[in-house]
Amino acid sequence: MKRIHKAAVLGAGTMGARIAAHFGNAGVPCLLLDVPPTNVAAARLEAVIKSKPAALFDPSFAQLVTVGNFDDDLSSLAQVDWIVEAVVEDLSIKRALLTRVEAVRKQGTIITTNTSGLPVSKIAEGFSEEFRRSWFGTHFFNPPRYMRLVEIIPAPDTDGNLVDAVAWFCDVRLGKGVVFAKDTPNFIANRIGVFSLLNIMRLMQQMDLSIEEVDALTGPIIGWPRSATFRTLDLVGLDVLGHVARNTFSAEQPAGPATCDPLPDFYKEMLQRRWLGDKTGGGFYKKVRTGSGEDEILALDWKTLEYHPSNKPKFSVLELAKNIENLRERVRTVLFPNASRGESAHLKRPKESEFLWRMLSDLWIYSVALVPEAADSIVEMDRAMRLGFNWELGPFELWDTAGVENTVARFSPEQRQSENVQKVLASGQKSWYGDDPNATSGRAYFDFASASYKPEHLPPGTLTVTVLKRRNGVVASNASASLVDMGDGVGCIEFHSKMNLLGGDIVSLLAQTLVPQGNGNGIGSSFDAFVIGNDAANFSAGANLVMLLLSAQGEEWDEIDLMVRQFQAMTQAIKFSPKPVVIAPFGLTLGGGCEMSLHAAVRQPHAELYTGLVEAGVGLLPAGGGCKEMLLRAIASASGSHGTTRAGQSNAVLINSVELLDAMKRAFETIAMAKVSTSAVHARSLGFVSDSDEITMNRERVLSDAKACALSLLRTGYEPPAECNDIPAPGENILATLKLGAYLMHEGGYITEYEMKLAGKIAEVLCGGNITPGSAISEQYMLDLEREAFKSLCGERKTQERIQHTLKTGKPLRN
């Protein structure tokens with residue numbers, strides 16, 4: 001397989017500059033070229049460095065991107081292995097530039113286009129045979145760092161080996177989910193996505209719904225992002241949809257009986273007025289500052305094009321479904337609310353259910369007509385929409401949720417004429433997917449060519465808990481956690497509570513699994529190592545604050561003491577387990593989730609890791625060993641050891657007092673300011689990820705890499721750390737310095753009096769108390785300090801107010 005060591009991107013626009021930045025994230029040197037002079041590309045790269053959300057894992061990664069221009073630096077393309085063309089979507093401009101590129105690139109250099117709609121084969125028409133062998137499409141989604149999909153579109157003459165090389169690189173090095181698409185208008189994801197967006201607007205007008213009502217119906221209730229329809233358009237830009245829609249509908253009307261109008265008149269008027277969304281200050285929504293100085297969100301009335309205060313729609317079906325955790329049950333509830341009363345009785349559906357039925361049935365008929373025109377199978381279609389539009393389920397998976405036989409019975413006669421729908425029904429099958437223990441995914445899909453099920457195989461090295469459950473079943477479980485067999489003697493501990501909040505069930509299962517039982521036959525006894533990970537959107541949002549608040553308000557201090565002791569015992573079990581425990585954190589890994597991660601033998605984080613000890617945000621401090629572990633890391637840093645310290649008091653004399661003070665300041669600020677990492681690379685600088693921890697770029701490979709890490713620990717003869725009983729306490733001198741810093745922040749008006757008090761508590765625990773510097777303290781001593789300080793803060797009225805505010809709004813409160 002061809003190896004890619006250096007890349008180049010042609011075009012430093014919004015996409016090109018961000019693709020180059022993501023090559024930098026992967027540690028790959030990249031040349032970024034644009035029109036002369038060179039400062040054009042340089043200015044755009046500088047804008048990317050400053051962009052929010054950040055395009056780079058760390059600003060220093062920009063050093064891997066070298067800027068230049070097409071006149072002076074095109075010859076440098078001879079030094080790269082992969083060239084990505086990302087100039088303006090104009091066929092003549094692309095072909096003129098590629099003619100110049102062909103003259104300087106070395107043979108065998110891969111060259112691809114990031115076009116979002118132009119025919120890939122037509123762009124390279126008439127070029128040399130060698131050029132065409134190296135030519136195909138690689139369609140990244142914006143922003144490239146965060147959007148996981150890349151569509152690969154081979155051209156007729158493309159060398160399959162080069163496609164394989166780019167697919168592997170995009171998967172493993174860039175962290176992308178690769179989907180192979182046909183060279184058809186807008187490929188897969190944009191084609192389905194644009195149809196859906198335009199169809200939603202058509203139905204909105206037809207059924208007289210508001211912007212807010214449509215967004216309430218096209219978000220999490222059906223497994224789509226919270227930004228739903230119109231908030232998503234504001235984020236992406238209304239002009240972008242207009243451009244992509246023209247690519248689709250200027251060509252022949254897409255296949256399938258479901259049709260939709262072109263851009264509606266109100267949308268065209270918004271484009272004319274330059275109401276393009278967030279980038280122009282307003283689109284379907286806009287934020288304004290009220291007379292009282294508070295922000296207010298206004299929503300657009302599409303009929304009058306006037307703004308009004310945004311309203312939360314009231315739909316009875318949504319109220320019924322919003323507390324249903326299982327997506328499949330939720331979708332069936334909103335589509336068929338009369339099912340319990342006999343849907344066949346033709347009871348009139350509520351307006352919201354009728355809208356969703358029309359919208360989804362049109363989507364299903366449109367999607368099924370695109371196989372095999374746009375993709376070879378339904379698997380690519382579903383995967384493209386999950387990765388490219390952040391849907392929890394692709395169109396066919398969503399269709400299975402509603403029931404193929406059930407929905408076809410409700411289709412209009414025209415919809416039932418779909419050739420592919422007739423194929424699945426004629427085969428006697430009643431779903432698009434079925435179980436298949438011989439498939440690496442654990443399931444099979446309906447293949448139209450053979451009119452039968454075919455096994456769905458995953459790329460080697462990708463793994464999910466869902467697949468493990470299909471293949472191996474569940475060893476043990478409760479309402480919030482499960483133990484699943486990963487094979488090769490490795491067990492996976494999965495969380496599945498709401499937002500993976502940490503409560504008694506999770507603590508209990510972890511303790512039962514990791515703590516050796518008296519008879520040696522605990523539920524984890526058959527495993528040699530463990531991975532803690534899951535398939536959710538986030539690893540864990542932290543501890544469940546509801547029970548804590550209720551106990552604090554009831555002054556049940558013994559109950560709080562027991563809760564904290566049990567949580568501490570669980571994190572200690574992770575750290576001192578005789579069998580290695582590897583934690584695979586990703587997404588939000590906050591509070592108690594971060595504390596768990598700190599105690600693992602090794603962490604195998606996803607690159608997109610947003611982790612932190614955020615307890616200060618609700619007026620508390622880390623009490624599950626988080627302060628203890630940050631102290632140990634500060635001491636290790638000051639003594640020149642950057643792993644998890646096991647140093648005793650004898651090493652205290654080796655610690656430079658200035659370096660220790662600096663390390664303690666960093667740890668104190670990290671906890672007191674509730675800092676959260678913006679990436680796994682940033683988490684490493686905050687002390688949450690060790691230098692030796694490997695970072696996985698692809699979310700779908702995190703569990704597999706974590707398992708490989710656990711097996712590696714076993715092969716090298718893993719021994720758990722010994723509990724440290726002679727930690728050199730920073731003590732009173734550093735404590736005084738940290739408290740002085742908090743006092744000066746208060747005097748300067750940066751923090752409140754209560755926040756100064758909270759900072760003092762954090763400093764006391766982190767320094768081991770107001771004791772003589774260098775005094776030997778134990779890990780258990782630190783846990784006791786954490787627990788007592790935590791309980792005292794729970795009794796504060798302002799802490800309880802902060803917890804209440806956070807539970808209600810999801811945001812911390814400043815007193």
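Please bear in mind that the model is predicted.

I begin with strand β6, residues 135-140. All six of its six residues are buried. In a regular strand, side chains alternate between the two faces of the sheet. In β6, W135, G137 and H139 point one way, while F136, T138 and F140 point the other way, and all are buried.

Which strands pair with β6? Strand β5, residues 110-113, pairs with β6 in the parallel sense over three bridges, and I111 stands opposite W135. Strand β7, residues 149-154, pairs with β6 in the antiparallel sense over five bridges; here H139 stands opposite E151.

I turn now to the helices. The axes of α15, residues 378-389, and α16, residues 395-402, come within 7 Å and cross at roughly 100 degrees. The two helices are therefore roughly perpendicular. From α15, the contact involves I378, M381, D382, M385 and R386; from α16, it involves P395, F396 and E397. These residues divide into five nonpolar, no polar and three charged.

Finally, the cysteines. A disulfide is a covalent bond between the sulfur atoms of two cysteines. How many disulfides are there? The count is zero. For C492, the closest cysteine sulfur belongs to C709 and lies 14 Å away, so the distance is too far for a bond. C492 is also buried, with a relative accessible area of 0%. For C594, the closest cysteine sulfur is that of C627, at 11 Å, which is again too far for a bond. C594 likewise counts as buried, at 1% relative accessibility.

How values were computed. Residues numbered from 1 in each chain as written. Predicted model: local features only at pLDDT ≥ 70, side-chain atom pairs only at ≥ 80, totals over all residues. Heavy atoms only, no water. Axes fitted to C-alpha atoms, helices over the stretch in contact; angles between N-to-C directions. Helix = DSSP H or I, 4+ residues; strand = E, 2+ residues; numbered from the N terminus. Parallel < 35°, antiparallel > 145°, perpendicular 65-115°, else oblique. Contact = heavy atoms within 4.5 Å. Nonpolar A, V, L, I, M, F, W, Y, C, P; charged D, E, K, R; others polar. Disulfide = S-S within 2.5 Å. Buried < 20%, exposed > 50% of the residue type's maximum accessible area, 1.4 Å probe, protein only. Pairing = 2+ DSSP bridges.
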